[in-house]
Structures are given as C-alpha cells and as structure tokens.
Amino acid sequence: MSKSFKKIFWVFLISGSMLILLSPLKTGHTQEAPEKFNVTNFPQIQKNQIGDFVQRLKKARDNQLPTIDVTDWRLILVNRNYPITSEPTHLTTFDNRQVDERIIPELTAMFTAASNQQIQLEVVSAYRSVEYQANLFNQSIEKASAEGMTPEQAKEEALRYRTEPGTSEHHTGLAIDVLDRNWLAQGGLLSEDYGQTAGGKWLAENVATFGFIIRYPENKISSTFIEYEPWHLRYVGVENAKYMTEHQLSLEEYLSQG
Ligand SMILES: [Zn+2]
C-alpha cells in the first residue's frame, strides 16, 4: 500500500466513523421537538396571533394539558345552560341499566378493580331519556301545585331536587350514579355522607384511572350549579379525567381552558 493511499484510507475511515457517531445525535434532536409544537405546522394562524398561540402551546406542554376538542363525544357538556341537543344512539346494558356502549371496557375494568378491593359497586342510575325526565319533573310540579303553590313556585320547588328535562347529564349515557353493596345494605342513599365511606373514598381516589370524574365535587357549585354528589360519575376519557382530577377542575372549568 502506497503512503498516499494509506492517507486517503485513514481520512475516509475517520470521517465515516464521525458520520456514524454523530447521526444518532441528529436523530435525537429531531425527536425532542414534537410536531405539534411546531408553529410552521399551522399556516392558517395569523402572524399577530402567533405569540398568543405559542404561549398556549407552552402552557399545554408545561401542564401536559391534553388537547381539548369540544366536539369530542367524551367531553359533551350538559348542564342547565347547555341542554342536550340529541339523545345518544350507542346505548347498551350494564348492571341492568343503560349506558353508552363506548364506555363499557373502562366501566367493567373499574368495577373489577373495586371488587378486588372488596368494594362491590352497584349502578343505581344511568341513562335517562328526556321524556322520562319530563315525566318525573311534571310529577313534582303537579305534587307542588296540589299543595297549593302557584305555577312558578311549583317549578321552583321541582327544581330543588330535579333537573329540568334536557339539562340532566344522565341523558348522555356517559353519567352513572354508583353506590356499593355495604352502603346499600345499611340503607344508605344518594347522600353527601357517602363520600366519607370506604366505597365513596375509593371512587374519589380511583375513578380517574378508568376515565371517570366525580362530576360534582365539593366547592364547585359556582361552575356546575349542582351540589356535591360523591356518587355521580361521568366518563370523559383517561387523559382528561386524570388532568381534571389532578388540577381539581370541574368539567366546565376544564372546557374553558381549551
Ligand atoms: Zn347522577
């Protein structure tokens, strides 16, 4: 081998090794900048909105705020200001009640997990049609009217313990009222005290793992318009449920961040 050939050989060998050594660094760098945080992927955004947009992306990244899509079926909002617009079409039976069939895998896993901890959950209420709710509501009004109340007073009385037809989250098929066998055996009802029982505590600590939230937490009446209900669970999907629970947000507060 001639001297010059040897020289060229070593130059090729060294530069080749450097290329091989450096290439993973280059790939690693690309992986660190996920596509969704690249502003150039959103050409439809006006230049003057970019600062604001980048702030929101940073906030999302720092807090791991999931992407909130208000058209996501899991995030449908039904409350006294947002009546349901169409009734669910995916209903199936679970524990003798009707629920949206898409929540069955997580619901089943949740009941099994509770049972493994000696907590036998039971669904006491789930899907309710608008018509059924209207019947309940009218019965309450008729009862109050029979007691001598004016139509306005009667409606006010009915609203104390019933939701106006169309505004109950139970119309979605994504809400369930859950108690456990021990509490039911003691004659326990849907009451705030349930939150202090072993079953109520288990729900508060574990339902987010399965994509559910305690929909009406304590001290959230200003946004939910409903008193504390430790038994009323609402399916929103695992990533949403975990974020809301961790940051103590009601569904209304969570949606306002999107
Ligand atoms: Zn309920």
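Helices here are DSSP runs of H or I that hold at least four residues, and they are numbered from the N terminus. With that in hand, one can say that Q248, which comes just after helix α9, takes a positive phi of about 50 degrees. The model is a predicted one, and the chain as a whole comes to 10 helices and 6 strands. Of its 258 residues, 23% count as buried, and among the contacts with a separation of 6 or more, 67% are between residues 24 or more positions apart.

Strand β1 (residues 91-94) runs antiparallel to strand β2 (residues 97-100), and 4 bridges join them; L91, for instance, stands opposite D100 in β2. There are 2 residues between the strands of this hairpin, where D95 takes a positive phi near 50 degrees.

The loop between α3 (104-116) and β3 contains Q118, a residue that has a positive phi of about 65 degrees although it is not a glycine. Q118 has 12 other C-beta atoms within 10 Å and is therefore exposed, since the exposed class takes in residues with 12 or fewer. Just after α4, G148 takes a positive phi of about 100 degrees.

The open sheet is built from 4 strands in the order β3-β4-β6-β5, with antiparallel pairing. Its edge strands are β3 (121-125) and β5 (212-216), each of which pairs on one side only, and the twist from one strand to the next averages 50 degrees. Within this sheet, β4 (residues 175-180) and β6 (residues 229-235) pair in the antiparallel sense over 3 bridges, and D177 has H232 in β6 as its bridge partner. The loop between β5 and α8 (221-224) holds N219, another residue other than glycine with a positive phi, here near 65 degrees. With 9 other C-beta atoms within 10 Å, N219 is exposed.

If residues up to four places away in sequence are left out of the count, V178 touches L121, E122, V123, L203, W231 and L233.

Helix α9 (residues 238-246) brings the account back to where it started. Its residues N240, A241, Y243 and M244 are buried, and because the buried residues of α9 fall within an arc of 165 degrees when seen down the helix axis, they line one face of the helix.

Technical notes: Residues are numbered from 1 along each chain as its sequence is written. This is a predicted model: local features need pLDDT of at least 70, side-chain atom pairs count only at pLDDT 80 or more; totals for chains, interfaces and linings use all residues. Two strands pair if DSSP finds at least two bridges between them. Axes are lines fitted to C-alpha atoms, for helices over the stretch in contact, and angles run from 0 to 180 degrees between N-to-C directions. A residue is buried if 20 or more other C-beta atoms lie within 10 Å of its own, exposed if 12 or fewer, and partly exposed in between; C-beta atoms are placed from the backbone. The arc is that of the directions from the helix axis to the C-beta atoms. Two residues are in contact if their C-beta atoms, placed from the backbone, lie within 7 Å.
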